[in-house]
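Subject: Structure for you to look at

Hello,

Here is the structure I said I would pass on. My notes on it follow below.

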Amino acid sequence: MNIAVIGLGLIGGSMAKTLRRHMPHTVLGQDIDAQVLYKARLLDAIDGELTPQRLAICDMVFIATWPKAAVEYVAEHASEFKPGAMVIDLCGVKRAVCEPLWKMAGEHGFVFVGGHPMAGIEYSGFSHATATLFDNASMILTPPPGTDIQTLAYLKHFFRELGFGRVVITTPQEHDRVIALTSQLAHVVSSAYVKSPLALEHLGFSAGSFRDMTRVARLNEDMWTELFLLNREPLTHELDGLIGRLSEYRDALVSGDETRLRQLLREGRERKAVVDGKEDEP
């Protein structure tokens with residue numbers, strides 16, 4: 001099978017390396033940076049460069065760009081995909097990508113499935129891509145309505161073979177609603193938290209909690225601005241909820257209400273136990 005990877009940054013580069021590690025397929029890569037493409041070939045992350053002619057022979061195409069660029073790429077090359085080819089994006093939002101691309105896929109005879117590997121680090125770029133980034137991670141898929149069970153079974157098996165620990169099938173709406181909490185809100189909180197003037201004085205006073213809270217503040221502001229704005233309603237809803245809950249803690253502190261503060265902390269501890277139990281479910 002011929003597999004193309006468009007965009008060889010952290011996620012795309014890791015996908016290319018993972019494909020090369022686990023499967024005997026031919027992996028062709030494309031990136032706007034010629035040096036990245038050269039390095040990917042030098043390190044055997046890809047078998048060769050994806051050319052317009054080679055796109056037509058690819059059975060599967062991964063698009064690892066920002067969301068708007070993913071839609072633009074597919075729109076530009078829709079007529080060039082191999083009939084029946086599986087096209088999967090790896091973007092962090094799904095409604096903005098799936099809605100236009102499902103339509104294009106139906107018009108041009110290829111299959112488009114939204115994808116989001118739940119893995120990453122605070123650094124970006126091909127230099128940080130690894131063949132183990134997705135080990136035991138969750139892969140979220142948002143197939144078009146009416147996708148047959150055989151296709152879903154094939155995709156689940158495919159990604160498990162790549163080392164993913166779990167494959168979740170959902171809708172773009174549900175993906176974006178939940179991801180607003182599990183990923184996007186965490187980045188907002190980290191960015192705001194590290195702006196405290198005291199953060200500059202943390203040396204000798206910080207440990208794991210500070211590192212955990214500030215880790216993802218090291219982000220690409222251009223990419224995350226696009227992701228946040230494309231998912232503004234679910235993210236705003238979660239942000240409003242967090243602000244409300246934080247206000248409860250603040251009010252208890254200001255009033256010196258020991259009973260209320262203890263109750264709030266207990267509720268958080270008990271919720272964490274429930275969350276941990278959910279993580280253990282198959």
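Helix H6 (residues 149–161) lies across strand S1 (2–6), strand S4 (60–63), S5, S6, S7 and S8, and runs at about 150° to S8. Helices (H or I, at least four residues) and strands (E, at least two) are DSSP runs numbered from the N terminus; axes are lines fitted to C-alpha atoms, for helices over the stretch in contact, with angles from 0 to 180 degrees between N-to-C directions. Contact means heavy atoms within 4.5 Å.

This is a predicted model, in which local features need pLDDT of at least 70 and side-chain atom pairs count only at pLDDT 80 or more, while totals for chains, interfaces and linings use all residues. Residues are numbered from 1 along each chain as its sequence is written, and side-chain values use heavy atoms, with hydrogens and water left out.

The sheet. It is open, with 8 strands in the order S3-S2-S1-S4-S5-S6-S7-S8 and mixed pairing (two strands pair if DSSP finds at least two bridges between them). Strand S3 (48–49) and strand S8 (166–169) each have a single partner strand, so one side of each is left without a neighbour in the sheet. Strand S7 (residues 138–142) pairs with S8 in the parallel sense over 4 bridges, and Leu-141 has Ile-169 as its bridge partner in S8. Helix H5 (residues 95–108) also packs on the sheet, touching strand S5 (86–89), strand S6 (111–118) and S7.

S4 and S5 run parallel, joined by 4 bridges; the partner of Met-60 in S5 is Met-86. Both faces of S5 are covered, with Met-86 and Ile-88 buried on one side and Val-87 and Asp-89 on the other. Buried means under 20% relative accessible area, exposed over 50%, and partly exposed in between (1.4 Å probe, protein chains only).

The core. A nonpolar core is a set of buried Ala, Val, Leu, Ile, Met, Phe, Trp, Tyr and Cys residues joined through side-chain atoms within 4.5 Å. The largest has 34 residues, of which Met-15, Leu-19, Phe-62, Ile-88, Phe-158 and Phe-159 touch the most other members. Helix H1 (10–22) is among the elements that give two or more residues to this core, and H1 gives the most, with 4 residues. Leaving aside neighbours within four places in sequence, Leu-19 is in contact with Ile-3, Val-5, Val-27, Phe-62, Phe-158 and Leu-162.

Regards
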